[in-house]
Amino acid sequence: MTPDTAPKPCDLLIEAGWVVPVDPHGVVLEDHAVAVSGGKIVAMLPTREARARFAPAEIVSRPHSALIPGLVNAHTHNPMTLLRGVADDLPLMEWLQGHIWPVEGAVIGPEFVADGIELAIAEMLRGGTTCANENYFFPDVQAAVYQRHGFRARVGLPVIDFPTAWAQSDDEYFDRAIEVHDQWRDDSLIATAFVPHAPYTVSDTSFERIRMLADQLDMPVHLHTHETRHEVEESLQKYGQRPLARLDRLGLVTDRLVAVHMTALTDAEIALCAERGVVVVHCPESNLKLASGFCPVGKLEKAGVTIAVGTDGCASNNDLDMFGETRTAALLAKAVANDAAAFDAASALRAATLGGARAVGFEDRIGSIEPGKQADLACVDLAQVETQPLHHVISQLVYAAGRHQVTDVWIAGQARLRDRELVTLDAATLIAKAREWRKRIASIRLS
């Protein structure tokens with residue numbers, strides 16, 4: 001054997017019954033393997049060829065599994081895992097103003113945020129999610145916890161028009177935002193975005209400041225908008241404009257905008273989003289639970305708008321299950337469009353992976369299985385009763401598979417879930433902490 005034909009060393013070879021690269025769209029590669037070195041994908045090829053071409057330090061063989069890109073939760077408030085079930089079956093504003101904000105005001109702080117993030121990381125990994133687009137307070141704590149556990153995240157820098165435990169004034173929100181951004185600007189896993197809460201809680205002056213800084217620092221703007229009809233009506237009364245028109249007046253409707261929820265849209269607003277390159281994050285289960293409205297995903301997709309999927313927070317969902325969220329997104333889109341072909345399985349899976357990567361601004365490194373991209377990957381066991389018989393892999397992944405079928409997860413080539421076991425987190429410790437928080441929150445609410 002000559003040096004040119006000798007097997008090349010690599011860190012990891014993952015052999016799967018099926019590899020679903022997502023790009024090209026709708027493609028499934030049978031009996032394929034993915035080779036990983038230095039945290040990156042170096043090759044994707046038939047398993048027999050991979051065995052001849054590579055000498056891996058580790059082989060993971062999953063002949064009855066689909067290997068997919070790690071799922072991207074494109075909108076979440078992960079510290080709110082500790083508020084799961086606190087205030088259910090209420091409309092948005094009553095839920096937010098009458099329950100969530102008062103409880104948060106009593107408990108929020110670095111410890112709450114850190115413990116909530118750790119619980120969320122464990123839940124996401126067990127469901128095949130490898131990246132989160134985070135939107136909450138104490139982003140400095142969030143970033144440190146995500147980085148410590150090797151989890152990829154775009155951490156939001158909050159701006160809102162009232163004092164919180166994070167900042168007391170407009171200037172403090174911006175000063176602290178820049179400080180956190182500067183601290184994490186060169187990290188390989190963590191990046192930042194501006195996360196003004198919503199049009200109804202952020203002034204024109206703050207939005208103009210966000211636009212200027214986002215342009216200067218090349219940062220996304222991750223924003224709840226058009227979440228309810230009430231929000232639209234309130235904006236018309238206060239500003240004489242619908243929220244999206246107001247944001248456009250302020251220079252924010254660009255390809256930096258990650259617009260979350262986006263119910264109550266007109267055809268003209270959909271066309272504007274397509275023209276400007278806005279990414280829309282669909283959070284169907286939160287919208288359903290809070291009766292907030294329906295995102296017209298079918299129309300957005302036809303117009304060419306990039307769609308991503310997010311769970312929202314556990315206080316309004318009540319889980320971080322991207323398999324369930326993606327299934328709901330696909331099914332609901334058909335009902336809203338009155339078209340069974342709308343948002344098909346391949347499109348839904350793309351939204352949960354490459355669409356999410358686009359929302360987070362990481363599409364050059366994650367979201368699809370391609371040489372040169374980071375090895376953020378998940379194995380889904382399709383040999384289970386719930387996914388038999390296996391006629392169509394992508395269909396089974398979207399319409400039948402559950403997060404309990406995720407066996408292995410890698411982020412940047414590092415195992416984070418192995419044979420359903422968390423690698424860096426202890427579930428018993430997380431559960432004990434969550435139970436302590438339940439006691440604290442219950443005593444606050446009852447006092």
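Predicted model: local features only at pLDDT ≥ 70, side-chain atom pairs only at ≥ 80, totals over all residues.
Local features were considered only at pLDDT of at least 70, and side-chain atom pairs only at pLDDT 80 or more, whereas totals for chains, interfaces and linings use all residues. Residues are numbered from 1 along each chain as its sequence is written, and side-chain values rest on heavy atoms, without hydrogens and water.

Helix H5 (residues 170-184) and helix H6 (residues 204-217) have axes that come within 12 Å and cross at roughly 15 degrees, where helices are DSSP runs (H or I) of at least four residues and strands (E) of at least two, and axes are lines fitted to C-alpha atoms, over the stretch in contact for helices, with angles running from 0 to 180 degrees between N-to-C directions. H5 and H6 are therefore roughly parallel to each other, a term applied to angles under 35 degrees.

A search of the whole structure finds 26 salt bridges, each defined by a side-chain nitrogen of Lys or Arg within 4 Å of a carboxyl oxygen of Asp or Glu. In one of them, Asp-376 and Arg-152 meet at 2.6 Å, N to O; Asp-376 lies in the loop between helix H13 (345-360) and strand E13 (377-381), and Arg-152, 224 residues apart from it, in strand E7 (residues 152-159). Both Asp-376 and Arg-152 are buried (under 20% relative accessible area, with exposed meaning over 50% and partly exposed in between, for a 1.4 Å probe and protein chains only).

Arg-246 pairs with Asp-204 in another salt bridge, with the closest N and O atoms 2.7 Å apart. Because Arg-246 lies in helix H8 (residues 243-249) and Asp-204 in helix H6, this pair ties together parts that are 42 residues apart in sequence. Arg-246 counts as buried at 1% relative accessibility, whereas Asp-204, at 21%, is partly exposed.

Conventions: Parallel < 35°, antiparallel > 145°, perpendicular 65-115°, else oblique.
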